[in-house]
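Please read them with the structure open.

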Amino acid sequence: MKVYKFGGSSLGSAARIRRVADIIAGALQQEELVVVVSAIQRVTDLLLESATKAGCGDNGYRAMLDEIEQLHLGIVGELFTESRLESVTLSLRTELGELGDIVHGVFLLRELSERSLALVLGFGERLSARIVSASLSSEGIASSYIDARELIITDVNYADARVDGNATDLRIKKRLASFPGVPVVTGFIASAPDGTSTTLGRGGSDYTASLLGAALGAGEICIWTDVDGFFSADPKRVRDARILPFISYAEAMELSHAGARVLHPLAVQPALKAGIPLQIKNSFNPGAPGTRIAAASEAKAENLPSHPVTGLTSINRVILLNMSGSGMVGVPGIASRLFSCLARHRINIIFISQASSEQSITLAINPSQSSHAKKIMEEEFCPEIASRQIDPISVRRNLALIAVVGNNMSGHPGVSAQLFETLGKNGINVIAVAQGASEMNISLVVDCHDEDKALNCIHESFFLSQGKVHLFIAGTGNIARSLLRQISAHRQNLKEENDLDVIVSGMANTRRLLIDGNGIDLENWEEALQERSGSAGITGYLQLMKERNLHNTIFVDCTASAEVAEMYPSLLLDSISVVTANKLGMAGPWMLYRQIMDARRKSNARFLYETNVGAGLPIINTLNDLRNSGDKIISIEGVFSGTLSFIFNELRKGGNFSDIVRRAKEAGYTEPDPRDDLSGADFARKMLILGRELGFTLEYGDIECESLVPEDCRGEMSVSAFLEKLQTVDGRYAEEIEKAAAEGMTIAYAGSISNGKASIGVKRVPFASPIAGLNGSENIVVFTTGRYRVTPLVVRGPGAGGEVTAGGVFADILRIASYLV
């Protein structure tokens, strides 16, 4: 024999009740059944609202009762033929009439007692049980309606009654042991010894089924609901949550107590004592295997796969009450008094954390009980608070409790370390922690705003072999476009070979923004962005990114905006990692540079800017590796401009300076106005960054920078006019090359840093110098160090272009990703 319990969502319409009847009919071919039903979906809420309005003298209670009546009569109107409909309708109207009289009495008295409310709330199950029983009978299945008040005996705590196990066991056996046909039993409701109605708490129909199964020695208790079983996390919050085919009794109790709404917390206990497995099944998908709940030894016997963590769950809103004070240390009975006084007033404590110093005890409770609980604690410890032995009770609101549950956590080293490292990397502050000696449950309290983020990063850490990072990109220019092409082309490979999924979740430019937490389609991002009208600006974009609060977020700056660069410190302090191709942060004012560096040190987030100096060349990383390994940097020389490198490489081959600049512009090597490149400003910013990396306190004005723009070409002038006038310097450059060649040298536009001074300009270099051997638009950096004094360390390669720079940005993203996941 089995016990089948059907939840309210499984009974929400005539079609659903027919499906339930089909499930029952199929099971009856194999074994006998006892059926337990909840109220039809939404009915308990309507009953509560109606009774509450009536107790306040609000005549609007009638509308709620009318809605309840229409809902049930509408379902039976669809469910039954005329020959059967009259008798079913009569039985429902009898129940509805009694309900109306009771609620009207509450309205007249303007008083809603717990006793009256328990009676009112039980009508949902009474109505649904009559409909399901009649439905089975109409299908030719012998069935009878059973009121659980005849079976389950409780105390007189009407709203959340405690079951008298022995009395209940005897009544169930006497009433149902040899019952013909299929009993359809009302869930949720019970009775006190005096016969008055009580309830088993919200969701108590699961508990009813378990009590019946244990008393009758059922082979299985099957809970039919609207989900496929227990998940590793709430699938509404964690998209990658997976079905758990098996969990132990203890794990089911821990998950249920900590917020998993699949099963009533008390439903496991009777089944556990009787050794009866529970099965969670989906009435909308009856073919799904569901979740089996049984003894942990069953999993071992069947060699089921095991992991340290079985599942995560959370309670969205909790209140922390903290009692602390030096007068608590070493004083016996403080904890006993605290818990006893709260128990007398039936305050449900969700979470307890006590410092080993005995100086504080922290409790998490439901918000609805917080004011009452605080008052009780203040009254109990009034003398100690008055004498300042105990501080005033503190209250902290808007918190969430997360439980990490698993039988195999016990004795498994590193679980706690992995958990807190994951949270730390994502900047999630843990406010309180509790772990029992069984090591089956680590519970922690975080800010409500961080709940989804915490669940996702913990779940990814323990359950997924493939990690995720979420990119929010600023800028849609040449570098960003190249980066998106590279991510799109390489994403599948990263998934397969690196177990990493790079998700672009946001994009913005000065005109539009696009955000999709599930990932933007990289094949059609331009069309999607174009459809968006208006922009919230960079501040608004970053605010939206922070509100999404996705785990493993990386902000990618592909702009040349000083406004964006000014946001780096706040992003880092909010634990958002940053990758930037924008030099205006690290080469900005010294104050901004210091703010970025200070935020970087204080935060767990990462800040990478390799492309600021050498595009795709590993210049910053090489410099840091040298310094971190103890090498002394004597000097740095090099060419850090692809445009100027091209111009002087071509100049050495012969030709006029102005003609080469014109060709460079036509080839796309220069900015639209070549003076932007010839001024040396971009080169100077790169030298400034390197100087700061070496530890020198430098501003942009400290860099000695020779501009290649003639004095008479620096005012207002069109580009074409500038190029014409540039011919006047051709002779000077030809003469300089000739003089240098006479000394076995050539000229280059290069920079150097030594002894805290940085300079950039046209310099003579030996033909044997690595700088003289550059080709095309190559960049080069020459490190002369304590270790590389005789033969300097040279890094050389392409130093400009969208593809190269995007590649460097992508490499920085992957470096941060390897840290985060």
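1. Terms for exposure come first. A residue is called buried under 20% relative accessible area, exposed over 50%, and partly exposed in between, using a 1.4 Å probe and protein chains only. At 46%, arginine 42 is therefore partly exposed.

2. Provenance and numbering. This is a predicted model, in which local features need pLDDT of at least 70 and side-chain atom pairs count only at pLDDT 80 or more, while totals for chains, interfaces and linings use all residues. Residues are numbered from 1 along each chain as its sequence is written, and side-chain values use heavy atoms, with hydrogens and water left out.

3. Overall form. The protein chain has 31 helices and 28 strands; these are DSSP runs numbered from the N terminus, with helices being H or I of at least four residues and strands E of at least two. The radius of gyration is 37 Å, well over the 28 Å that the globule rule gives for 821 residues, so the chain is more spread out than a compact globule. That radius is taken over C-alpha atoms, and the rule is 2.2 Å times the number of residues to the power 0.38. Along its principal axes, the C-alpha trace spans about 115 × 70 × 60 Å.

4. Packing and surface. Buried residues account for 52% of the 821 in the protein chain. Contact here means heavy atoms within 4.5 Å. Of the contacts between residues at least 6 apart in sequence, 72% join residues at least 24 apart. The accessible surface is about 35300 Å², and 48% of that belongs to carbon and sulfur atoms; areas come from the Shrake-Rupley method with a 1.4 Å probe, and for residues only the protein chains shown count as cover.

5. Charge. There are 79 positive and 94 negative side chains in the protein chain, and the centres of the two sets lie 2 Å apart. Lys and Arg count as positive and Asp and Glu as negative, with His and the chain ends not counted. Each charge is placed at NZ of Lys, CZ of Arg, CG of Asp or CD of Glu.

6. Cysteines. How many disulfides does the structure hold? The number is 0, a disulfide being a pair of cysteine sulfur atoms within 2.5 Å. Cysteine 56 is exposed at 63% relative accessible area, whereas cysteine 222 is buried at 2%.

7. Positive phi. Most residues other than glycine have a negative phi. Arginine 42 has a phi near 80° and sits in the loop between strand S2 (33-37) and helix H2 (43-55). Alanine 615 has a phi near 55°. Its loop runs between helix H23 (611-614) and helix H24 (619-628), and alanine 615 is buried because its relative accessibility is 4%.

8. Leucine 121. This residue belongs to helix H5 (residues 114-121) and is buried, at 13% relative accessible area. Not counting residues up to four places away in sequence, leucine 121 touches Thr44, Leu47, Leu48 and Phe188. Leucine 46 is 75 residues from leucine 121 along the chain, with 9.2 Å between their C-alpha atoms.

9. Glutamine 369. Is this residue buried or exposed? Glutamine 369 counts as buried because its relative accessibility is 19%. The residue lies in the loop between strand S13 (360-365) and helix H13 (370-380). Leaving aside neighbours within four places in sequence, glutamine 369 is in contact with Arg346, Ile347 and Asn348. Threonine 643 is 274 residues from glutamine 369 in sequence and 69 Å from it in space, C-alpha to C-alpha.
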